[in-house]
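Biologist: I'm new to this one and it's a lot to take in. Please pick a single part, look at it closely, and tell me what surrounds it.

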Amino acid sequence: MINRRFFLKSSGIALASVGAASFAPSFLQRAALAQSANNITGGMATGRRKTLIAIFQRGAVDGLNVVVPYGEKNYYAYRPTLAIPQPGKAGAGDAVIDLDGFFGLHPALSPFKSIWDAKRLAIVHAAGSPDNTRSHFDAQDYMESGTPGVKSTDDGWLNRYLQAQPDPKASPFRAVAMTQNLPRVMQGRSPALAISNLNDFAVRAGQATQVVQGGFESIYDQAAGDALRGTGKETFEAINFLKKVNPSQYKPENDARYPATAYGNALLQIAQLIKAGVGLEVAFTDVGGWDTHVNEGAARGQLAARLTEFGQGIAALYADLGQRMDDVVILTMSEFGRTARENGNRGTDHGHANAMFLLGGGVRGGKVYGDWPGLDSDKLNEGRDLALTTDFRDVFGEVSTRHLGNADLSKVFPGYAASAAKFRGVLG
Amino acid sequence: MNVRFDSTLGAARASVASLVALSLVLGLAPFASAQVRGSASSSSSKARKMTEDQRASHVLNRLAFGARPGDAERVRKLGVEKYIEQQLHPELIDDAAAEARLTSLEVLKMSNGELLAKYPQPNFLLKQMQREGKLPSDLKDLRDNRKTPADAAAANTTNKQLDANASMSASGAQPNAQAATNPSANAQGQTPNPLYPNAQTPVAVDPNRAEYRQAVAEFYREHGLQQPQKVTAELQASRIMRAVYSERQLQEVMVDFWTNHFNVYAPKGADRWFLVSYDRDVIRPHAFGNFKDLLVATAESPAMLFYLDNFQSVSPTANQNQRRAAAARFNQNPMLNNALGVRRDRMPQQPGQMPVPQRQKRGINENYARELMELHTLGVDGGYTQKDVQEVARCFTGWTIIDPRGAANYAGFVDEARTGTFYFNPRLHDDGEKLVLGHKIPAGGGINDGMMVLDILAHHPSTAKFIATKLSRKFVSDNPTPELVGRVAAAYMKSNGDIRETLRAIFTSPEFNSPENYRAKIKTPFELAVSAVRALGGDTNGAPPIHQWIGRMGEPLYQYQAPTGYPDTAEHWVNTGALLERINFALALVSNRIPGTHVDLSRFGADTSKGTTADKSRVIDEFAAVIMQGDISPKTKASLLKQLDEVATNPQESASASMPASNMSATGAAKMNAATDTQANAMDAPAGGRRGLRGQLAANNNNNAPASEIARIAALLLGSPEFQRQ
């Protein structure tokens with residue numbers, strides 16, 4: 001770790017002098033691209049690249065039924081129909097999977113157990129945004145902008161990480177969202193791609209493709225001063241780059257089985273990009289359906305179905321990447337948790353703190369991090385939700401610093417006194 | 001994506017400079033030079049005007065979905081002011097021709113009850129039949145043997161957007177709705193896992209499933225039933241066709257705006273059936289009326305009641321015994337109740353649940369109350385508190401839907417006309433006193449509680465400001481000035497929330513008519529697709545393939561999950577992936593590779609491959625005049641000319657590509673007929689079209705060259721930065 005950080009620091013200095021390269025003539029950038037392209041074709045290696053895969057569970061997942069505090073009496077008192085039985089109190093598949101004698105996993109997350117046992121899966125509980133909003137939209141916005149309570153922030157924290165670590169050699173695939181549109185968290189000055197399907201990422205004009213693409217490239221290149229010019233340039237660079245990768249030939253390894261859903265497919269394609277060595281550093285995707293106001297279900301039911309897909313996707317990605325997980329961290333997040341008590345519709349309403357997962361070689365796994373505030377009535381946030389003890393910026397900050405090697409947290413989380421002292425120690 | 005509308009305000013200042021720069025790129029010679037001077041002083045730039053040609057083009061871009069060939073001249077001749085006035089009164093514009101094109105879309109005239117009955121969800125229908133003992137045994141066996149609905153998606157899931165529908169409905173809100181009418185699920189507190197039958201075992205492809213599906217399809221045919229996907233597909237088709245053809249263009253623009261403002265997500269439960277009425281009975285009739293009427297209509301709409309869960313919101317203090325007694329009475333003889341003409345507001349609680357012996361416990365739900373204030377009226381900083389949310393939620397308890405899934409109708413308890421309609425149930429209402437935004441709402445108000453809330457909200461200055469901001473952003477620029485918003489909000493307040501007057505304040509504002517804002521908005525994918533068809537004078541029957549393109553570009557209609565609706569600013573639409581789809585859409589459109597949609601480029605002149613440079617230049621000028629009212633930069637034009645030269649000097653490309661060219665113009669008319677004929681087929685295809693589009697793309701993989709140089713030039717223009725703007 002020290003070596004790596006030292007390396008990044010010194011190379012950061014070296015690169016700073018070329019930092020103006022992003023404004024340099026495009027041939028300079030092309031040279032950089034060609035160099036990155038060498039990696040694909042087995043050319044010179046630039047060392048192992050760290051990758052962060054962020055997964056957003058949109059809709060506010062019920063963290064108390066995901067990482068269950070089964071050692072809490074209140075948990076069972078608050079949730080007469082939604083509580084999941086303690087380990088051993090029901091058949092396998094219907095009871096909590098024990099983690100540490102107090103917390104346990106929802107049974108639908110059984111694929112996580114072996115990763116936990118291998119100490120490559122960690123959990124931070126009672127984490128989230130310090131802002132008290134119960135609006136999905138505000139809370140997602142804050143979690144993506146990384147500035148809770150401040151709406152006017154015009155870029156996302158992942159993009160600000162990219163800005164804080166400028167990389168003139170970056171490939172167009174340095175930051176990729178496997179989503180239809182570029183998510184808030186990746187929006188900003190640093191280039192980032194939104195791709196919904198790698199195979200379709202090409203100009204489709206049959207035999208005339210080359211000529212037509214050339215025409216578009218030239219038109220966009222002429223559009224000096226138009227914001228669309230930059231977007232066009234990124235687009236054509238990425239197309240040309242991806243041609244070399246040939247994504248349609250992909251076969252997952254290690255019997256990895258991704259769910260046959262948009263989410264599973266997004267994770268599969270992230271694995272493709274990582275293995276293809278296209279220079280992916282920050283990947284993002286999202287998965288919805290967590291807003292379980294009604295009939296949430298306990299060990300089985302609605303939430304269980306969503307968790308099955310969620311867990312199998314991550315487990316497949318973990319298996320597929322195999323040894324490469326040494327350089328990868330998978331990080332999950334959701335805008336807020338849900339009420340500690342179930343509501344009148346056998347569901348839960350918008351709450352506050354939540355659980356986050358971190359997986360990977362650098363993760364000090366097999367542990368639930370964070371201070372557990374408990375579920376006593378007087379300990380609940382506004383008398384109804386799990387209270388917050390870890391600001392999500394401390395988790396994001398730790399990942400960006402200790403995993404990706406970011407040196408300046410203040411740029412990533414402006415207005416926040418981020419410091420290593422607040423890190424939970426999830427990463428080595 | 002959940003960028004808040006107001007979250008971008010902070011970027012406003014930074015973007016002003018780039019907006020000015022963007023305008024420059026458009027390369028309008030007279031305008032560009034004016035802009036250079038103007039950029040020095042924003043106050044003086046406001047004083048300058050667009051040219052009359054630009055104004056005609058501007059109103060066609062903003063009040064309409066772009067110009068069709070000849071539109072710009074017509075507007076110039078009529079006068080821009082008169083055009084605006086005309087468009088502000090859609091009721092005076094004859095639109096029979098456009099409406100005539102919609103006659104084949106049968107869902108448009110059907111009620112919620114009729115739609116639920118004729119387009120039932122197969123699983124739901126079979127469950128009802130089983131309950132009634134009407135399920136044929138062969139169908140039952142097949143049903144019991146099949147595996148899961150997720151299998152369908154297993155075969156080919158590569159496009160996220162197309163699959164979103166499947167995965168959402170399989171996992172998101174659907175189970176709620178199913179469970180709500182599924183007694184066994186409720187009794188156990190469990191719903192069958194919709195994704196996998198067994199949480200531990202991934203699905204395998206099930207041969208029984210195909211057989212089962214076939215049997216269901218056969219059953220549907222025999223009984224004159226249709227798949228529910230067709231409802232959404234036809235509604236989407238109607239929106240596309242009206243946007244392309246309607247003479248009431250501003251009305252269509254406003255329908256688009258309000259539909260997005262009061263967003264409802266079709267895949268959520270019963271909403272796919274309810275959205276037809278939502279468009280027809282809620283949005284359209286009120287698009288130019290009073291905002292409060294529109295607000296009340298949305299509040300009472302089954303679509304919104306279902307989407308934001310209010311139909312399930314029940315006062316926790318409602319008298320349990322009273323509830324039970326009512327249910328018992330209804331269960332004993334529901335038909336008697338109907339026959340006695342039980343008033344809508346006296347119906348026993350939750351008739352949709354009546355055939356269900358064990359009602360689930362219900363409680364208050366804040367979802368609608370919150371979004372009503374945050375997204376429909378006051379805006380997130382509009383000055384309401386969590387306490388207000390709770391109080392408003394109390395006011396709307398008992399606002400519900402009769403038989404939301406059609407189960408009671410199927411069982412014969414509720415007649416079709418009332419199935420899926422709004423009703424207020426006083427027994428489920430919290431009748432205590434409430435305090436909303438400082439207004440006391442007296443106890444015992446019943447349905448008037450909610451009405452009072454809507455009245456308070458519609459007349460609140462924060463609502464005026466919020467609506468003014470969104471309308472100004474829609475019609476003027478991504479970052480409307482506070483001065484403009486202030487004037488528009490004042491017009492709203494002065495007119496008591498009259499939408500027409502509010503719009504007039506925008507259209508007559510110096511900001512709307514400022515050169516700075518000419519082509520300053522990035523078209524949304526829907527606007528891009530429709531304006532491209534219009535620009536080429538093309539035809540479409542709105543069949544799923546064109547909608548799938550709109551989805552690929554990022555804006556599938558009625559499929560934005562969050563109540564915010566799609567953001568209305570450039571940064572949401574301009575990104576690498578979406579831009580590529582826009583380019584590919586342009587290529588597909590000009591090559592007539594979008595079934596159901598057809599363009600005939602022969603009007604734009606002959607094959608240019610052998611022409612002189614002067615000929616080519618003339619062709620490009622003609623094109624630019626028609627497609628973009630001449631708004632292309634000399635540099636873009638030079639690129640286009642170079643394109644033609646490159647093709648000419650590459651005989652192989654030229655030969656293979658220009659072969660079908662003469663073919664195309666000669667058979668243009670025939671193809672259009674074919675396109676019309678394919679409507680039925682395209683509509684009958686699985687509406688998600690998952691396989692359809694994938695297959696189509698695969699099939700065209702090696703044979704999708706734009707058919708001629710003309711087509712290529714058209715594609716380059718439609719895919720150019722200039723055409724992405726309006």
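Modeller: First, a term: two residues are in contact if their C-beta atoms, placed from the backbone, lie within 7 Å. In chain A, counting contacts with a separation of 6 or more, 72% are between residues 24 or more positions apart. For chain B, the share of contacts joining residues at least 24 apart is 78%, among those between residues at least 6 apart in sequence.

Keep in mind that this is a predicted model: local features need pLDDT of at least 70, side-chain atom pairs count only at pLDDT 80 or more, and totals for chains, interfaces and linings use all residues. Residues are numbered from 1 along each chain as its sequence is written, while chains are lettered from A and ligands numbered from 1 in the order in which they are written.

Chain A has 12 helices and 12 strands, and chain B has 39 helices and 6 strands. Here helices (H or I, at least four residues) and strands (E, at least two) are DSSP runs, numbered from the N terminus. Of the 428 residues in chain A, 61% are buried; of the 726 in chain B, 60% are. Buried means that 20 or more other C-beta atoms lie within 10 Å of a residue's own; with 12 or fewer it is exposed, and in between it is partly exposed, the C-beta atoms being placed from the backbone.

The part I'd pick is strand 8 of chain A, residues 282–287. It's mostly covered, with 6 of its 6 residues buried. In a regular strand the side chains alternate between the two faces of the sheet. On one side of strand 8 of chain A sit V282(A), F284(A) and D286(A), on the other A283(A), T285(A) and V287(A), and both faces are covered.

Now its partners. Two strands pair if DSSP finds at least two bridges between them. Strand 8 of chain A runs parallel to strand 1 (residues 51–57) of chain A, and 6 bridges link the two. In that pairing, F56(A) is opposite D286(A) of strand 8. Strand 6 (residues 175–177) of chain A is also parallel to strand 8, over 3 bridges, with A175(A) standing opposite V282(A).

Chain A has antiparallel pairing elsewhere. An open sheet of 3 strands there has the order 2-4-3, with antiparallel pairing. Its edges are strand 2 (67–69) and strand 3 (97–98), each pairing on one side only. Strand 2 and strand 4 (residues 103–105) of chain A share 3 bridges, and F103(A) in strand 4 is the bridge partner of P69(A).

In helix 29 of chain B, the buried residues include I499(B), L503(B) and F507(B). The buried residues of this helix pack against helix 6 (80–88), helix 19 (291–299), helix 27 and helix 28 (482–494) of chain B.

Take helix 27 (residues 461–475) of chain B: its axis is 10 Å from that of helix 29 (residues 499–507) of chain B, at an angle of about 50 degrees. So helix 27 of chain B is oblique to helix 29 of chain B. Helix 27 of chain B makes a right-handed crossing with helix 29 of chain B. A468(B), L471(B), S472(B) and F475(B) of helix 27 meet T502(B), L503(B) and I506(B) of helix 29. By class, that contact has 5 nonpolar, 2 polar and no charged residues.

A few terms from that: axes are lines fitted to C-alpha atoms, for helices over the stretch in contact, and angles run from 0 to 180 degrees between N-to-C directions. Under 35 degrees counts as roughly parallel, over 145 as roughly antiparallel, 65 to 115 as roughly perpendicular and the rest as oblique. A crossing is left-handed if the near helix is turned anticlockwise from the far one by less than a right angle, and right-handed if clockwise. Ala, Val, Leu, Ile, Met, Phe, Trp, Tyr, Cys and Pro count as nonpolar, Asp, Glu, Lys and Arg as charged, and the others, Gly among them, as polar.

For a contrast in cover, look at D144(B), in helix 10 (residues 137–145) of chain B. D144(B) counts as exposed because it has 9 C-beta neighbours inside 10 Å.
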